[in-house]
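Welcome! Take a moment to turn the model around before you read on.

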Amino acid sequence: MRKILLLALVGLGAQLVDGSLGMAYGVTSTTLLLAVGVHAAAASATVHLAEIGTTLASGAAHWRFGNVDAKVVARIGIPGAVGAFAGATFLSNLSTDAAAPIMSLILLTLGSYLLVRFTTFGLPRGNVGKPLRKRFLGPLGLLAGFVDATGGGGWGPIGTPAILASGRLEPRKVIGSIDTSEFLVAVAASLGFLVGIGAENINFGWVVALLIGGVVAAPVAAWLVRKVPPRVLGSAVGGMIVLTNSRTLLRGDWFDAPTTVRYGCYTVICAVWAAAVAHSIRQHLTEQQRNPIGTGSDSMPRPS
């Protein structure tokens with residue numbers, strides 16, 4: 001019962017982050033499942049099955065708040081579903097020993113990207129209103145969907161910054177559209193895992209726990225997208241993912257680092273993480289001072 005409650009809290013916290021930042025539900029949840037010893041494919045399958053419900057609830061909430069561009073959802077979501085099914089099939093065919101470190105390495109890379117991206121840069125909005133082309137969204141969706149299934153997360157960390165960097169869509173609509181299109185990715189990945197590893201290898205109690213936490217958090221996160229400072233949240237989540245997956249890799253067969261080396265690495269990571277969060281907070285406060293009404297480069301515009 002304690003583990004079920006913990007997973008529900010993980011689902012709630014991960015969805016709060018994902019719904020307000022446009023990423024990190026899968027990365028956060030899968031990281032924690034791997035940390036307690038769940039097989040890589042089963043961990044990703046558990047998260048994606050839960051995401052069928054959480055993304056549906058999140059998409060409905062974002063739609064209600066006017067945070068969704070339907071054309072972007074279709075143009076990136078359908079190729080994303082194709083990539084996710086392929087990624088799930090690929091991961092299902094890897095052995096346990098091979099899959100766990102590969103997934104941790106993917107998650108470590110995504111976490112590092114989150115940490116650097118949101119600590120260092122603001123949110124570009126120079127080309128808002130220009131159309132996003134299929135030749136950009138199609139390949140992006142295919143890649144993000146494949147990485148999402150193989151890494152247990154990655155749809156948001158790849159899709160959200162790429163579309164934000166184009167500056168062609170308001171940040172709140174980027175986040176809402178990515179969260180909504182992830183429903184298609186979650187369905188396709190789940191089907192791929194059910195075919196690849198079978199339902200008997202998935203703990204559906206854990207799926208329900210993650211689902212309940214995520215559904216509860218979804219409408220709150222859709223509202224928070226107007227309020228939360230993405231820079232601070234991105235730095236905090238990225239650091240947590242880097243630390244957790246570094247621990248998995250350093251303790252695994254690939255490295256099997258001595259205790260002193262492991263704790264030295266943890267200390268350095270925690271110091272960098274703390275410095276990154278502190279920097280992001282300072283930058284956010286500076287932006288607020290420059291623009292008290294909250295329309296600076298690190299702020300989310302309010303929906304009309």
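## About the model

This is a predicted model, in which local features need pLDDT of at least 70 and side-chain atom pairs count only at pLDDT 80 or more, while totals for chains, interfaces and linings use all residues. Residues are numbered from 1 along each chain as its sequence is written, and side-chain values use heavy atoms, with hydrogens and water left out.

## The overall picture

The protein has 11 helices and 0 strands. Helices here are DSSP runs of H or I with at least four residues, strands are runs of E with at least two, and both are numbered from the N terminus.

Of the 304 residues, 54% count as buried. Buried means under 20% relative accessible area, exposed means over 50%, and partly exposed lies in between (1.4 Å probe, protein chains only). Now look at the contacts, meaning heavy atoms within 4.5 Å. Taking those between residues at least 6 apart in sequence, 85% join residues at least 24 apart.

## The nonpolar core

In soluble globular proteins, nonpolar side chains tend to be buried together. A nonpolar core is a set of buried Ala, Val, Leu, Ile, Met, Phe, Trp, Tyr and Cys residues joined through side-chain atoms within 4.5 Å. The largest one here has 49 residues, and Leu33, Val72, Ile76, Ile163 and Phe193 touch the most other members. Helix α3 (residues 40-64) gives the most to this core, with 8 residues.

Which residues does Ile163 touch? Leaving aside residues up to four places away in sequence, its partners include Val72, Ile76, Leu132, Phe136 and Leu137. Arg168 is also among the residues that Ile163 touches.

## Helices worth a look

Start with helix α2 (residues 25-35), where 9 of 11 residues are buried. Among them are Tyr25, Val27, Leu33 and Leu34. After α2 comes Gly37, with a positive phi near 95°.

Next, find helix α4 (residues 70-92) and helix α6 (residues 134-151), whose axes come within 6 Å and cross at roughly 35°. These axes are lines fitted to C-alpha atoms over the stretch in contact, and angles run from 0 to 180 degrees between N-to-C directions. The crossing of α4 and α6 is right-handed, a term for a near helix turned clockwise from the far one by less than a right angle. The contact of α4 with α6 has 14 nonpolar, 7 polar and 2 charged residues.

Ala209 sits in helix α9 (residues 204-224). Is Ala209 buried or exposed? Ala209 counts as buried because its relative accessible area is 4%. Ala209 and Leu9 are 200 residues apart in sequence and 8.3 Å apart in space, C-alpha to C-alpha.

Arg247 belongs to helix α10 (residues 230-251) and is partly exposed, with a relative accessible area of 35%. From Arg247 to Ala35, the C-alpha atoms are 8.6 Å apart, although 212 residues separate the two in sequence. Asp253 lies in the loop between α10 and α11 (259-290), and Asp253 is exposed at 72%.

## Cysteines

How many disulfides does the structure hold? There are 0 disulfides, where a disulfide is a pair of cysteine sulfur atoms within 2.5 Å. Cys265 is partly exposed at 29% relative accessibility, and Cys270 is partly exposed at 35%.

Conventions. Ala, Val, Leu, Ile, Met, Phe, Trp, Tyr, Cys and Pro count as nonpolar, Asp, Glu, Lys and Arg as charged, and the others, Gly among them, as polar.
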